Amino acid sequence: MSTMLSLALLLAGLAQAGNSVAILQSDELPVYDAPIESFSRALGKPVTVHQLKGDKERAKRIAADLTSDPPIAVLALGAKAAWIAQNDLPKTIPVVYAQVRDPDRYGLDGVHLTGVRMEMPPAMVLAQFRLLAPNVQRIGILVSASNKDPAIAEAIAAAKAVGLTVKAQRVTSERDARRAAAQMAATNDAIWLLPDPVVLTPGTFHFVRGQALRNRIPLLAYSEALVDAGALLCVAPDPSAIGIQAAELVARILEEDVTPGVIDPVAPNQARVVLNVDVQESIGLRIDPMLLDFVDQTVRDKADR
Amino acid sequence: MTTESAPRRYGDYVLLESLGRGGMSAVDLARRSVDSANYVRFLVIKRILRKNHHDPTFVRMFMDEARINAELQHENIAQVYDFGENGGEWYLAMEYVPGVDLRQIQKAVAKQQPGSLLPPRIALRVLHDVLSALQYAHDRVDTYGRPMRIVHRDVNPRNIMVSVRGEVKLIDFGVAKADTRHDQTTGQTIKGKFAYMAPEQIDSDKPVDGRADLFAVGLLLQELLTGTHPFRHLTEIQIIHRLMADRIEPMPDAPAPLDAAAVRDVRDRILSADPDKRHPDARTLQADLVRLAAPLGGLASSAELAGFFRRADPDTAARIAQRLQHWKDSRPAPAPLRPEQVDDGDSLGLPDDTWASDARTHEVPKDWDASPDLGTVADSAPSASTVADPLPAPLIEPTEDSQSASSVVLAPEPRRGLSVAAALGIGGGLGLLFIGGLGVAFLMMSQPDKPPPVHDASAQTRPVDDTPKAPVPQAKVPEEDAATAPEAPPPTPKSGRPKKTGPKPKKAEPKKAAPEAPPAEPDPPPAETKEAPPPDPPKEAPPAEPATGETGFLFATSRPKGMEVWVGGKKLGVTPVRQHPLPVGAHTVVFRDPVSGEKIEQRVQVLTNQSAMVSVTQ
């Protein structure tokens, strides 16, 4: 038997059975409240919440405690929690992560780990968007040249698949982004903002938003923060539903003989739509009141206040 | 990524509908036909997603699967017809097995009556056929007469297909070992599913031969005849521990009329840790199974197996028949896609070498990166702009990510397979290194799409209908000019703590919730369920626009709100019901007043990935 194997078995022997699920929470942020609540309710097992408070040393101490008294599974909320669960917990403890954008970037991948992604399936985003803005035929997407996130290509493909004409423009700098945004706003029926830190700086967002208002076209975003800041609407994952999905993953792992690593991370299955009614009025978008049934929340444009 | 578009021409084939899609590859039901000869053959096309063509390991595995499978022509092995490249994609054309995998059969049986098992004659017949396939594979020589020494290494219920015709097919030689493999497995890589893995597959010092597959059959034997599995509820490390310590729990008695002692003897022999103590080959084990079945009347026949399938899972059997009939008679294939319609992200022309400096790494929890190999240990303060940053702070999701969004940390490029290795750098221990190896193995097993290549996805897919879209209330943008909106002041820079959003409305029930009974009064919801095929399969070509999936989305609301919404006998929720996936096709939506029981019906046409909205006012 190989040395490596012996050590692995030694590690396995350290594992002890527990009967509760540990929730690691990266920071004390309200955004985690809903998934924790829905997760606990849906799982129906005892849970213990551990606040990492964004503190690395504290997180390592918690990880050490969990290693000595292992829970039956871990829900890691946020990138830091997932990071510590990936790297500091024994691989014998199943881990489900959530609320982590682009988990591949953190190397969240392994036999003991799966999760709920943060990216909404683009088809679901477009379905919601087109319901509220059915006249959109041409949609522009700004993306930095360095952004190789597959989600970008998926978004483009999804838009094409529903018959939209897509204009995806690559940019390499803020100045480039502004130039492209101005042109895009003038020649498209809507602009779709996707996660891209080069494109989505406060400066460029402000500019893109202004161009969208000037041309009276919808600006579709991916987070509520951007709707607050002046995008028309977002179709974002529903945090409560994410908690339920995470609970389903944990239940599946515990109740069936499923190794977490063989379960592909799942996409959010329920959306939360937030509409900025000030922007809606500014661009003259009329929405049938019945359709507003499908909007979870309306906000006012904080950027204008 | 390749746009899903069905049906569409794909080389000599027509892709009809998606059967599954993983991170690495996609599997479609396809058809090869010669109209003038009234010839139709259904098959399965498995293709590597173009974005994964750069992954040499996966491509090699794919090619190995093709190479090994191409040498195998046996009635109990799903055959590979063709292997090649189309439009820059590698693909395998494989036999389509109209059925489901053994695990689904087990579930269907258990669903009918909790705790019930496959009849022992059926179970033994299935295993007997699997052993036929294994014996053939183990003995196979290549075209030049050289022994191929093929070992499947992943015999498990998901890789055993049972067809509605009573055939048993072993599938997925994706991790098979053979002397002709280009991607020779080394001791550091473990392939196969742990719950069905033989000890020698785990211990790199020991050679693996066909007897490892027999070990898996032994575990299946216990599982099918007793409903137990010695490794159930164990983690993979615990499984390894048990295997290496030769500590497999005794088997409970197989129920009468089986000879429990005889079954135990066979099972114990197969599960010997020492391969030399097992049955020497599949044929010998087959003989034992025949002996076990003899007091029961012998192994079940194909006709019995087919009949059992229809009784155990009548819905699936019916759906498969409907599907094949539908696709046999359906429209001719549309014109080939133009290249620009297949957008895999490469069309953006994004350079490959920019990841390392990608500003997206800002979101890496910088202060958490303890490994010198992985990047810079930066300031741990969760503020937005504490460290010099050559790029403006991005606007990102209000999670803790955003708090650490500003400092420059060049994270590693944690790609599949390598990511575990990256984690190992942190762990540092050899034990973790080994586990990392397991991780790599699992990734290699799981990422190349686990949906079995000939797995019948049971008809959630429906043809794209070319009827007009469902009515959607038109929200028009006024055409008159409006005053140019003044530009607002810049948005407030993101603070560390995101605001708390308002109260969230209650959502639909969790997806695991059992569907409620349909309304009893005054009559049941309409017949076209989401399982049922469209009543009149379209004869015309599909719409020109490419379709990316097999479902669309239903939005339903009412005045007053709170009406129950039913489709195909299933309650979807109460209004407003939104974005409920439905198979493409015509549906009748039934709105039901929960108090008065009054019902209102609305027809709706669901198109691929499109929103279909219906509303009623009482």
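Two strands are said to pair if DSSP finds at least two bridges between them, and helices (H or I, at least four residues) and strands (E, at least two) are DSSP runs numbered from the N terminus. This is a predicted model, in which local features need pLDDT of at least 70 and side-chain atom pairs count only at pLDDT 80 or more, whereas totals for chains, interfaces and linings use all residues. Residues are numbered from 1 along each chain as its sequence is written, while chains are lettered from A and ligands numbered from 1 in the order in which they are written.

View 1. Strand 9 (residues 219–221) and strand 10 (residues 233–237) of chain A run parallel and are joined by 2 bridges, and Leu220(A) has Leu233(A) of strand 10 as its bridge partner.

View 2. Chain A as a whole has 11 helices and 12 strands. Of its 305 residues, 67% are buried, a residue being buried if 20 or more other C-beta atoms lie within 10 Å of its own, exposed if 12 or fewer, and partly exposed in between, with C-beta atoms placed from the backbone.

View 3. In chain B, 3 strands form an open sheet in the order 13-10-16, with mixed pairing. Strand 13 (577–583) and strand 16 (611–617) of chain B each have a single partner strand and stand at the edges, so one side of each is left without a neighbour in the sheet. Strand 10 (residues 551–559) of chain B runs antiparallel to strand 13 of chain B, and 5 bridges join them; Ala556(B) stands opposite Val577(B) of strand 13. Helix 5 of chain A packs on this sheet, touching strand 10, strand 13 and strand 16 of chain B, and its direction makes about 45° with that of strand 16 of chain B; contact here requires C-beta atoms, placed from the backbone, to lie within 7 Å.

**View 4. Strand 14 of chain B and its partners.** In strand 14 (residues 585–592) of chain B, 6 of the 8 residues are buried, so this strand is largely enclosed by the rest of the structure. Strand 11 (residues 564–567) of chain B pairs with strand 14 of chain B in the antiparallel sense over 4 bridges, and Val567(B) has Val589(B) as its bridge partner. Strand 15 (residues 599–606) of chain B also pairs with strand 14 of chain B in the antiparallel sense, over 8 bridges, with Arg592(B) opposite Lys599(B). Strands 14 and 15 of chain B form a hairpin with 6 residues between them, and Gly597(B) in the turn has a positive phi of about 80°.

Conventions
Contact = placed C-beta atoms within 7 Å. Axes fitted to C-alpha atoms, helices over the stretch in contact; angles between N-to-C directions.
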